[in-house]
Amino acid sequence: MKDLRMRKLFHPSTGKILITPLDHGITLGPIDGIVNIRDTVAKLCHSKVNAVVLHKGNIHVCKDIFKENRDMAVIMHLSASIGFSPNQLRKVLIASVEEASKTGVDAVSIHINIGNDFDYQMIKDFGKISEECNQWGIPLIAMMYPRGDMVDEYNVQNALVSARVAMEIGADVVKVNYTDKYSFEKIVNAVDIPVVIAGGENHHDKKRLLQTIRDAIDVGASGVAIGRNVFQDNHMQGIIESIDLVVNHGADPEDLIQTIYRGSVANGERERDLV
């Protein structure tokens with residue numbers, strides 16, 4: 001059953017994946033792009049995005065939208081923390097795999113911060129969720145971040161350990177920060193599960209974003225999990241189309257900036273937000 005669900009997550013021809021996480025509301029509140037979660041989800045259902053990540057409450061809020069648009073996969077996020085909490089690095093479980101399965105989602109995800117005083121508990125939770133995913137036949141996406149006092153989350157060794165932890169505990173897909181083209185290839189080669197790159201905070205240098213994605217794909221990444229750089233973009237469909245062309249069709253970022261953003265798709269989008 002897990003293999004059948006996994007097929008829905010990935011592009012049928014290329015085997016790549018474009019995920020848009022929408023789970024930021026618990027940590028950051030109703031930030032731009034997800035204030036009206038139904039509107040955002042409805043737009044994403046008519047895009048090239050393969051899957052969205054949501055907490056269980058928002059899945060319930062959007063259930064009628066998903067019933068009408070069955071092509072896009074739904075991933076329930078099982079962990080959370082509050083952004084202004086003194087213990088914000090400690091992610092706790094707020095849903096179960098059984099609950100996710102009964103909801104009818106296609107996969108679950110969990111966020112793990114390693115390198116801090118709480119990582120032992122999060123790793124323990126990870127093991128529990130992995131076991132339950134095998135029991136229920138639900139794919140598990142692990143969002144792995146090296147985060148703690150004096151911990152560099154973009155350090156290659158830290159990212160390498162994060163990816164390896166995910167594989168060894170039983171994740172089916174791992175999401176990690178991108179490092180650079182040379183070192184990221186080491187990360188991809190060190191695990192036997194699909195590796196996707198995180199998008200991070202929203203920024204306006206779209207060419208740099210697309211080039212990062214292209215470099216990651218070139219060295220074996222299986223796709224992207226990009227939230228704010230998608231749903232906070234002034235022309236969301238344009239950036240999604242661009243990412244899809246890079247991930248699934250090997251497009252050149254420079255060409256995309258010239259033809260998509262400054263062409264018909266962008267429909268006059270402001271140039272300062274593009275390059």
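The model is predicted, so local features need pLDDT of at least 70 and side-chain atom pairs count only at pLDDT 80 or more, while totals for chains, interfaces and linings use all residues. Residues are numbered from 1 along each chain as its sequence is written, and side-chain values use heavy atoms, with hydrogens and water left out.

The protein has 13 helices and ten strands. Its radius of gyration is 18 Å, close to the 19 Å that the globule rule gives for 275 residues, so the protein is as compact as a globular protein of that length. The radius is taken over C-alpha atoms, and the rule is 2.2 Å times the number of residues to the power 0.38. Helices (H or I, at least four residues) and strands (E, at least two) are DSSP runs, numbered from the N terminus. Along the principal axes, the C-alpha atoms fill a box of roughly 50 × 45 × 40 Å.

Of the 275 residues, 53% count as buried. Buried means under 20% relative accessible area, exposed over 50%, and partly exposed in between (1.4 Å probe, protein chains only). The accessible surface comes to about 12,500 Å². Carbon and sulfur atoms account for 48% of that surface. Areas come from the Shrake-Rupley method with a 1.4 Å probe, and for residues only the protein chains shown count as cover.

The protein carries 30 positive and 36 negative charges. Their mean positions are 4 Å apart. Lys and Arg count as positive and Asp and Glu as negative; His and the chain ends are not counted. The place of a charge is NZ of Lys, CZ of Arg, CG of Asp or CD of Glu.

Side chains of opposite charge can pair when their charged atoms come close. A search of the whole structure finds 13 salt bridges. The criterion is a side-chain nitrogen of Lys or Arg within 4 Å of a carboxyl oxygen of Asp or Glu. One of them joins R147 and E153, at 3.4 Å from N to O. R147 is partly exposed, with a relative accessible area of 26%.

K181, R214 and D218 are linked in a network of salt bridges. K181 pairs with D218, the closest N and O atoms being 3.5 Å apart. K181 lies in helix α9 (residues 181-189) and D218 in helix α10 (residues 206-218), so the pair ties together parts that are 37 residues apart in sequence. R214 also bridges to D218, with closest N and O atoms 3.1 Å apart. R214 and D218 are four residues apart in helix α10, separated by about one helical turn.

Two serines illustrate the interior. S109 is found in strand β6 (residues 107-114). S109 is buried, with a relative accessible area of 0%. Beyond its neighbours within four places in sequence, S109 is in contact with V53, I75, M76, H77, L78, S79, L140, I141 and M143. S162 sits in helix α8 (residues 156-169). S162 also counts as buried, at 0% relative accessibility. With residues up to four places away in sequence not counted, S162 touches I114, M144, Y145 and P146.

Key: Contact = heavy atoms within 4.5 Å.
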